[in-house]
Amino acid sequence: MPTPDRPIWIKDPLSILTDGAERGVVVDGGRVVELVGRGKQPVARDVAVCDASAHVVLPGLINTHHHFYQTLTRALPAAMDRELFPWLQALYPVWAKLTPAYLDLAVTVAMSELLLSGCTTTTDHHYVFPAGLEYAVDIEVAVARRLGLRVLLTRGSMNRSQRDGGLPPDSVVQDEQTILADSARVVAQFHERGDTAMVQIALAPCSPFSVTTSLMRATAALADRLDVRLHTHLAETEDENRFCEQLHGCRPLDYLEDCGWLNGRTWLAHGVHFNAAEMQRLAKAKTSISHCACSNQLLASGCCPVCDMEDAGVAIGLGVDGSASNDGSNLIQEVRSAFLLQRARYGVTRVSHKDALRWATEGSAACVGRPELGRIAVGKMADLALFKLDELRFSGHGDPLAALVLCGAHRADRVMVGGKWVVEDGAIPGLNVADLIRRHSAAAAAMSGII
Ligand code: ZN
């Protein structure tokens, strides 16, 4: 169905995650322009009607951490059943074989999976730049534009290889000058400003164990000068704390602050191992956290203290993390996973399905610095995810919104980004999924040496 030029009334939803919109919302010009309350009709005239009577309507979900290229190394036997550091060491040589064509396939797979799971905005943290893949961010921008997904792509980096006491091999790192020059290039070329932006760029050294102090500091200064966001992994594992103390003589957050990163530009992946005083410092600095529940469980990294962080005033978003440690890119499933993990930690009175949905929407919007996203309200961007409850797993449900999380929704029926439908009837128009799987699987096999 082509997107009409006239206003769209998403009418009479089964349930909707906002107040005062029992009869739905009207979308026009890429924004939500009206909430239609109980017993009301839209004020807007000549509306196109989208019957949502079988749908639960959510603000589009926002993914705050991922490594798209890793869809090529899912469930790889050589890396399975390992903790973070040995897991990375097993995978670096495989990732060194990435090519532009392989990355295009990996990004298409990851973004398609995300869209089909109700995601309307995603970040990506691409930090592997083997020779020949210098234009990785350019490839990601092209795929995002093709699929209509809103993105905050990060220009990642690694420059501390094994030669300098770091973890990655020489084949996947670049030097500081090259990294900073390309960071400035991709911001100048692709970063859009304002609340309608579809493509934004952030800067993202990979982690304290793969980047030099000089690059950490220079990246923060460059982000400040260019007015873009900053991202990295931090406090993911106890190994990392020990490594940081050995290398820098301090804990990861002290190191981050010393490098000029502890501020409102920064959102951090994981944040599993912060203490109470560090949570207060994060809150004061307005640094936010991407909680990656599936990844933390799979790699046995620990359980992020989400409620303690929120009590301290830290914004929490959700991230699926790279497909090598999840191994899927399904954001509505991540909501369920985060809900279950945090409920196990904090109990039934502290964590509800609505909390988990809030992390994936409003919390994630704070992480990516986009307050115009993550909520259904007049003037906000029309980024919406519509789920049908017509599968066996939902049969006999009570509360539709709770059923979405508790019964394990995994696929959106319709997704809208900036007022345009990008998923219809559970599919991405024009995408040949069977052909994509065939080509992506062949690339994965070639990279891992299976063929
Ligand atoms: Zn990650």
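Histidine 67 is buried, at a relative accessible area of 2%; buried means under 20% relative accessible area, exposed over 50% and partly exposed in between, with a 1.4 Å probe and protein chains only. The model is predicted, so local features need pLDDT of at least 70 and side-chain atom pairs count only at pLDDT 80 or more, while totals for chains, interfaces and linings use all residues. Residues are numbered from 1 along each chain as its sequence is written, and side-chain values use heavy atoms, with hydrogens and water left out.

The zinc ion is coordinated by His65 (NE2), His67 (NE2), His233 (NE2) and Asp321 (OD), at 2.1 to 2.4 Å. Donors are N, O and S atoms within 2.8 Å of the metal (3.2 Å for Na, K and Ca); water is not among the atoms, so sites may look incomplete. The angles among the four donor atoms run from 88 to 175°, and the site is irregular. Four donors count as tetrahedral if all angles lie between 85 and 135 degrees; four count as square planar and six as octahedral if opposite donors are over 155 degrees apart and all others between 65 and 115; anything else is irregular.

Histidine 67 lies in the loop between strand S7 (61–63) and helix H1 (84–95), and aspartate 321 in the loop between strand S14 (316–318) and helix H11 (331–346), so the pair ties together parts 254 residues apart in sequence. Helices (H or I, at least four residues) and strands (E, at least two) are DSSP runs, numbered from the N terminus. Aspartate 321 is also buried, at 3% relative accessibility.

Serine 364 belongs to helix H12 (residues 353–367). Its relative accessible area is 0%, so serine 364 is buried. Apart from neighbours within four places in sequence, serine 364 is in contact (heavy atoms within 4.5 Å) with residues including Ile62, Ile316 and Leu318. H12 is mostly covered, with 11 of its 15 residues buried.

Helix H14 (residues 433–448) has 16 residues, which should span 22 Å at 1.5 Å a residue; its end C-alpha atoms are 22 Å apart, so the two agree. The expected span is 1.5 Å times one less than the number of residues. Among the buried residues of H14 are Leu436 and His440. The buried residues of H14 pack against H1 and helix H2 (100–116). After H14 comes glycine 449, with a positive phi near 80°.
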